[in-house]
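Subject: Structure handover

Hi there,

Here is the structure I promised to pass on to you. Please have a look at it first, and then read on for my notes.

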There are 2 protein chains.
Amino acid sequence: MEKDQYYMKLALQEAKKGRFQTWKNPMVGAVIVKNDQVLATGHHIHYGKNHAERDAISKLTPEQLFNSTLYVTLEPCNHYGKQPPCSDLIVQSKIKRVVIAQVDPHKLVTGKGIAKLKAHGIEVTTGVLAKEAEELNRFYSYFYQNNRSWITVKQAVSLDYRVNDQVNTRTAITNHSVYERVHQERADYQAILVGSNTAIIDNPSLLTTVQTDYPPIRIIIDRRGRLLQHKDLKLLTDGQAQTWIFTQNSELKKNLTNNQVKVWLMKTDQLTEVIQTLAREGIQSVYVEGGPTLANAFMNDQLVNKVIEYLSPQFLGKAGTAGILPSSRMALKNLKIEQLSNNLRIVGEIDV
Amino acid sequence: MEKDQYYMKLALQEAKKGRFQTWKNPMVGAVIVKNDQVLATGHHIHYGKNHAERDAISKLTPEQLFNSTLYVTLEPCNHYGKQPPCSDLIVQSKIKRVVIAQVDPHKLVTGKGIAKLKAHGIEVTTGVLAKEAEELNRFYSYFYQNNRSWITVKQAVSLDYRVNDQVNTRTAITNHSVYERVHQERADYQAILVGSNTAIIDNPSLLTTVQTDYPPIRIIIDRRGRLLQHKDLKLLTDGQAQTWIFTQNSELKKNLTNNQVKVWLMKTDQLTEVIQTLAREGIQSVYVEGGPTLANAFMNDQLVNKVIEYLSPQFLGKAGTAGILPSSRMALKNLKIEQLSNNLRIVGEIDV
């Protein structure tokens, strides 16, 4: 129905208002309609605060709510988390019909909210703009469907596919537009991951310029424990966000652990162990920022969902380090190409 | 003056009508104006045919021409070539004023046409849209200013900068839009150049889809004479255009020379010798199509004016051959980036 789509589009717009603040929760939007009039809108504003349905419902009187239709981008929850279940509230509100975009992929929730509503005689329609809703919470959906983090690998390369002009050095390659874009897109992920080599050579902060109460956790893979010799790195000392280190060197745990830094001891040298730990910790999305050796390991372990390449059209010369070189052919889908002044942003996804 | 620019823009548009048919001559356009009215337009239609000035003047009566203003994109010639000098014709036509965009870079002509006009009391204005006019005949201008061909290197690469997925094989990388674009842009050059490896492995035709009486000459660099073992290649047998071979192997001259194929014996193994021969032969522009080894030689000899890269966002894997890798950093200017459906065209120029 065209009307349903119209109101659901409104709800999707509402949902986006929560961007960067819902953290482990998905962005959700809600719209309440009666007699072809929008009576209230709502969204999940902040982790731990009202869900979208409650936010919208709280703006109306019982008379207004009676016999109304609720449009919500994600299936209402039916369990006690930080908030009481939305399904109960909807039933109490005497809403007549509930239109849902995406059925919740979260195992604790899926289908249960809908069942409760139906059991109380509420008319339920699902799947309206489902694809758009799933896209909105892509990482959340992926995480609960696949039991592991969505992994995006990012690299910045020259026209001749070098990440620097000399091995083991840092070369500023891309322009200011790319710099700003990267600092923004970090905020879409729950963790930013680098290898110890990048941490030591670049000494990056890996922060985001986006205002958020949940800056991404900075993760360093340091199997051998090289960071012991580099205790003054920003990632270990700046107090700006959490840093996690994955290592096989137990000295690191003794020496580097503090309020900001958490050290995870690995039993193996396998990336899959890191991935399993991140999944257990509920990290839904990881932005892998470097360098090529680490990125190649992720690629060749078939762990990468998406590649973002920033390309600066200049030659750095053959002495530099090549970008990602997977061991075999790999197609990219859902390609997106964008020009950022004189640089390019090329994005593609990999079926894994 | 705004009016001058307006009419010169018209003349530039006229000039472009001669594209692909003026061959060694530049494209030239002319507009004749009197009392703010365009009385005639003309252009150099075809190599050996009327110059633009003569084309426009031939359309008018002596009365119309008297006291008129001629706009012409390039300085009128003052020497006998395939045509009598245009400067004489202009003087005879009693044109009052001549507005010129670009002063001819050709040593035989430069300034002489203007001098003749002035000597006969004709008012001459130069430099109106000069940059646009020079851009129009970029290769012609470069050739006569630098006494050597303009060299463009083209490559088609994957996201991981491979030209194939296995060394010494041919891999179709780019999409149909790129294929069509390359077949068109070949016609802008007077020669297409490849190495013997590309000629043998790809067996290409190196033709253009553009209708032209002057298809680019196909040039193969084959120092050792490997083509002796591949006499059936399209480039040696198809009769579609001329093929030149540069070699140090005198057997080639004896065995491969025919109506279509001309063999140049090199005294050295240096590219500069090839470049000098091409300059002597009046080849104003060369489009170098492969492969990376040859392109690197051009790059490292500082011979490349422009790089055109077609990029297909897919990974071919580390077993493939890398694209151009110059020995040191090299900036690109006048960058142009264009999307051709899911592929990219990235163009940059190098100061040489």
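In which helix of chain A is L65(A) found? Please keep in mind that this is a predicted model. L65(A) sits in helix α3 of chain A, which covers residues 62-65.

A few more words on that residue. Because its relative accessibility is 5%, under the 20% cut-off, L65(A) counts as buried. Leaving aside residues up to four places away in sequence, L65(A) touches I32(A), I57(A), L60(A), S93(A), K94(A) and I95(A).

Now to the interface. The size of an interface is often given as the accessible area lost when the parts come together. Here, chain A and chain B bury about 2,900 Å² between them, and 66% of that area is on carbon and sulfur atoms. Chain A brings 31 residues to the contact, and chain B brings 30 residues.

As for specific interactions, eight residue pairs are in polar contact across the interface of chain A and chain B, with both residues at pLDDT 80 or more. There are also two salt bridges across this interface. One salt bridge joins the side chains of D165(B) and R329(A), at 2.9 Å from N to O.

On the side of chain A that touches chain B, three strands each supply at least two residues: β12 (306-312), β13 (333-340) and β14 (343-349). By class, that side of chain A has 18 nonpolar, seven polar and six charged residues.

Best wishes

Terms used
Residues are numbered from 1 along each chain as its sequence is written. Chains are lettered from A and ligands numbered from 1 in the order in which they are written. This is a predicted model: local features need pLDDT of at least 70, side-chain atom pairs count only at pLDDT 80 or more; totals for chains, interfaces and linings use all residues. Side-chain values use heavy atoms; hydrogens and water are left out. Contact means heavy atoms within 4.5 Å. Buried area is the accessible area (1.4 Å probe) that two parts lose on being put together, summed over both. A salt bridge is a side-chain nitrogen of Lys or Arg within 4 Å of a carboxyl oxygen of Asp or Glu. A polar contact is a pair of N or O atoms within 3.5 Å; within protein, one must be able to donate a hydrogen and the other to accept it, and residues adjacent in sequence count only if both atoms are side-chain atoms. Helices (H or I, at least four residues) and strands (E, at least two) are DSSP runs, numbered from the N terminus. Ala, Val, Leu, Ile, Met, Phe, Trp, Tyr, Cys and Pro count as nonpolar, Asp, Glu, Lys and Arg as charged, and the others, Gly among them, as polar. Buried means under 20% relative accessible area, exposed over 50%, partly exposed in between (1.4 Å probe, protein chains only).
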